[in-house]
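Welcome! Please take a moment to look over the sequence and the 3D view, and then we will walk through a strand and a ligand site together.

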Amino acid sequence: MPSYAFLHKQFVPLEEAKIGVMTHALHYGTAIFEGIRGNWNSLKQQVYLFRLKEHYQRLLRGCCLLRINLPYTADELCQITIELVRKCAFKEDIYIRPLAYKSSQALGVRLHDLEDDFLVFATPWGRYLDTDKCRCTISSWRRPEANVIPPQAKITGLYINNAFAKTEAMAKGFDEAIMLAPDGHISEGSGENIFLVIDGKLVTPASYNSILIGITRDTVIKLAQNELGVETIERPIDRSELYTAQECFLTGTAAHITPVAEIDHYQIGDGKAGKITAKLKKIYAEVIKGNHQKYQSWCTAVYKK
Ligand code: PMP
């Protein structure tokens, strides 16, 4: 199936979407990216883009930080994305990758006096963490503190930190890394936020624990409260609390809700998805496919009927 990208203000076939070798962002990591899911609903013959505008609002906040000036509002970026997916005509689960980047063909480490561009492409993508029972390890790589590189923004250069952690974890035979914040509290996975269940409540690291404020994290907090009456506490979490939690799961656009079975060879609960985790996972799966009336406003239908 032909795929397209939006680059240099126009739609082009994906294989023709190329950038120059001197592109600033390639050398210095001066770009902001997003990851957005399009979820295929076969019954409705529709792709639903999940919390599309929130993703672009986060991208634009990152752009502000990196002094990237895009000639588009969040609504216009949404429209470009809808048009892109329509052109591609996918009938399966997809992943959308927007990138706002320093496009100047120029050398020199800086953020100012550079041109900016926006690109986006979509590609079929199924499961990210290829398991229902993720095995994790605490990484030797820590998240940077906000005055080193702000973890609240999806800055491409920052992700070398995550890549170190992911590859180290996999080399040790685990599926995913859990990184600590600079102060030693739990921060997040290499591409996911983390939740524990302690005494029937959800517990997750707070914004000041060097995390990305995930959109799935926000979704889970709201679904837990509204649908299960389960409260979420945002606070610093000790490493030992992780090993002794009753349930644990990871959340992310790519990873959805992934139950954690084991952390550093400590079995979590009975090693299967816990009760609250399983319930949330089930509700979430319906919500993102546009099957839950109450949360329809989170789902943008791509195809015209
Ligand atoms: N933390 C990191 C480091 C991530 O890269 C991601 C993926 N965007 C997340 C958390 C989860 O964020 P979201 O739910 O918005 O995808």
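Which residue in the turn of the hairpin formed by E4 and E5 has a positive phi? In this predicted model, the residue is Gln45, with a phi of about 50°. Let's start with the strands around that turn and then visit the ligand.

**Strand E4 and its partners**
- Four residues lie between E4 and E5 in the hairpin.
- E4 (residues 36–41) and E5 (residues 46–50) run antiparallel and are joined by four bridges, with Asn41 standing opposite Gln46 of E5.
- E4 also runs antiparallel to E6 (residues 94–102), and three bridges join these two strands; Ile36 has Ile96 as its bridge partner in E6.

**How covered is E4?**
- Six of the six residues of E4 are buried.
- In a regular strand, side chains alternate between the two faces of the sheet.
- One side of E4 holds Ile36, Gly38 and Trp40, the other holds Arg37, Asn39 and Asn41, and all of them are buried.

**Around the ligand**
- The ligand is surrounded by 16 residues, and the closest are Tyr159, Glu188, Ile215, Thr216 and Thr253.
- This shell divides into nine polar, four charged and three nonpolar residues.
- Helix H4 (159–171), helix H5 (215–228) and strand E14 (247–252) each supply at least two residues of the shell.

- A nitrogen atom of the ligand lies 2.6 Å from a polar side-chain atom of Glu188.
- Ligand oxygen atoms are found 2.7 Å from a polar backbone atom of Ile215 and 2.8 Å from an N or O atom in the side chain of Arg58.
- The protein buries 96% of the 380 Å² that the ligand exposes when taken alone.

Conventions
Residues are numbered from 1 along each chain as its sequence is written. This is a predicted model: local features need pLDDT of at least 70, side-chain atom pairs count only at pLDDT 80 or more; totals for chains, interfaces and linings use all residues. Side-chain values use heavy atoms; hydrogens and water are left out. A residue is near a molecule or strand if one of its heavy atoms lies within 4 Å of it. A polar contact is a pair of N or O atoms within 3.5 Å; within protein, one must be able to donate a hydrogen and the other to accept it, and residues adjacent in sequence count only if both atoms are side-chain atoms. Accessible areas come from the Shrake-Rupley method with a 1.4 Å probe; for residues, only the protein chains shown count as cover. Ala, Val, Leu, Ile, Met, Phe, Trp, Tyr, Cys and Pro count as nonpolar, Asp, Glu, Lys and Arg as charged, and the others, Gly among them, as polar. Buried means under 20% relative accessible area, exposed over 50%, partly exposed in between (1.4 Å probe, protein chains only). Two strands pair if DSSP finds at least two bridges between them.
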